[in-house]
Amino acid sequence: RSASVSACGRPPGCVQPRPMTTPVCIYQPIRSEATLLYAARQRHVGVFAHHPWEQMVSWWRQYGAVVDETHGVRLRPGEDRMLQVQLHLADSAGEAMRTARPGHDELPKLLWPNSIRRTPTLASRPPFTLEERMASKSWIVGTLEQARDTLREMQEVLGIETLVIEHNQQARVTLQVARQLARHLPIESVDQLREMAPFLVI
């Protein structure tokens, strides 16, 4: 390599873009126990999504235990962890399931082969159904009140501090939804909900 070019392929003295603040917060999707251990030991924020509820609870708590064991830091129940859920609302539970199903059933056509590649044991079964996803709480489908109650139950178990809501609808999640959630989660205002869940469009 020419002495006039740095290891990154830029001329010596070239100013590299740098973070405005440090340390940089890194968000690590938790897809396996190996990534959970890695994220906790590196003090990355763990992003938890699309796991069966019992496994979600176990891994959520294990993350905090590994941080404590590795770094001697006792985290709050939901600290340094982010929960991501799918949300689909309608005026009735039946209507919500009817309108959520087409989008839900389309996703596995794209994602299921990758899921099998990561977890070969899934090859012996069909993709998860909407009902299975709802039972695992990774998809919250129903009325506004049902969604509120489900999230409140999850909050009581996990101590959620950061929540990302994906909505499987053409319409935006309305301000009414945000206000209803804000009444029943440990947040003081819609603005705080917006800060906690920056990807929630309200």
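A salt bridge is taken here as a side-chain nitrogen of Lys or Arg within 4 Å of a carboxyl oxygen of Asp or Glu, and by that rule the structure holds nine salt bridges. The model is a predicted one, in which local features need pLDDT of at least 70 and side-chain atom pairs count only at pLDDT 80 or more, while totals for chains, interfaces and linings use all residues. Residues are numbered from 1 along each chain as its sequence is written, and side-chain values use heavy atoms, with hydrogens and water left out.

Helices (H or I, at least four residues) and strands (E, at least two) are DSSP runs, numbered from the N terminus. A residue is called buried under 20% relative accessible area, exposed over 50%, and partly exposed in between, with a 1.4 Å probe and protein chains only. In helix α1, which covers residues 33-42, L36, A39 and A40 are buried. Seen down the axis of α1, these buried residues fall within an arc of 95 degrees, so they line one face of the helix; the arc is that of the directions from the helix axis to the C-beta atoms. If contact is taken to mean heavy atoms within 4.5 Å, what covers the buried residues of α1 includes β1 (27-29), β2 (45-49) and α2. Just after α1, R43 takes a positive phi of about 60 degrees.

Rings of Phe, Tyr and Trp (its six-membered ring) pair if their centres lie within 6.5 Å, and planes under 30 degrees apart count as stacked, over 60 as edge-to-face and the rest as tilted. By this rule the count comes to three aromatic pairs. The rings of F48 and W60 have their centres 5.2 Å apart and their planes at 55 degrees, so this pair is tilted. F48 lies in strand β2 and W60 in helix α2, 12 residues apart, and the pair thus links distant parts of the chain. F48 is buried at 0% relative accessibility, and W60 is buried at 1%. Ring pairs link F48, W60 and Y63 into a cluster.

The rings of W112 and F128 have their centres 5.5 Å apart and their planes at 85 degrees, so the pair is edge-to-face. W112 belongs to helix α3 and F128 to the loop between α3 and α4, 16 residues apart, which again links distant parts of the chain. W112 is buried, with a relative accessible area of 10%, whereas F128 counts as partly exposed at 26%. R125 also has its place in the loop between α3 and α4, and R125 is partly exposed, with a relative accessible area of 25%. Not counting residues up to four places away in sequence, R125 touches W112 and E132.

The side chains of R101 and E131 meet at 2.7 Å, N to O. R101 lies in helix α3 (residues 93-118) and E131 in helix α4 (residues 130-135), so the pair ties together parts that are 30 residues apart in sequence. R101 is partly exposed at 29% relative accessible area, and E131 is partly exposed at 38%.

R76 forms a salt bridge with E161, the closest N and O atoms being 2.7 Å apart. R76 sits in the loop between α2 (53-71) and β3 (81-89), and E161 in the loop between α5 (144-158) and β5 (162-167), 85 residues apart. R76 is partly exposed at 45% relative accessibility, as is E161 at 27%. Salt bridges that share partners join R76, E79 and E161 into one network. The side chains of D68 and R74 likewise meet in a salt bridge of 2.9 Å, N to O, in which D68 is partly exposed at 25% and R74 is exposed at 70%.

Strand β4 remains. From this strand (residues 139-142), W139 and V141 point one way and I140 and G142 the other way, and all are buried. Two strands pair if DSSP finds at least two bridges between them; here four bridges join β3 to β4, which run parallel, and the bridge partner of H88 in β4 is V141.
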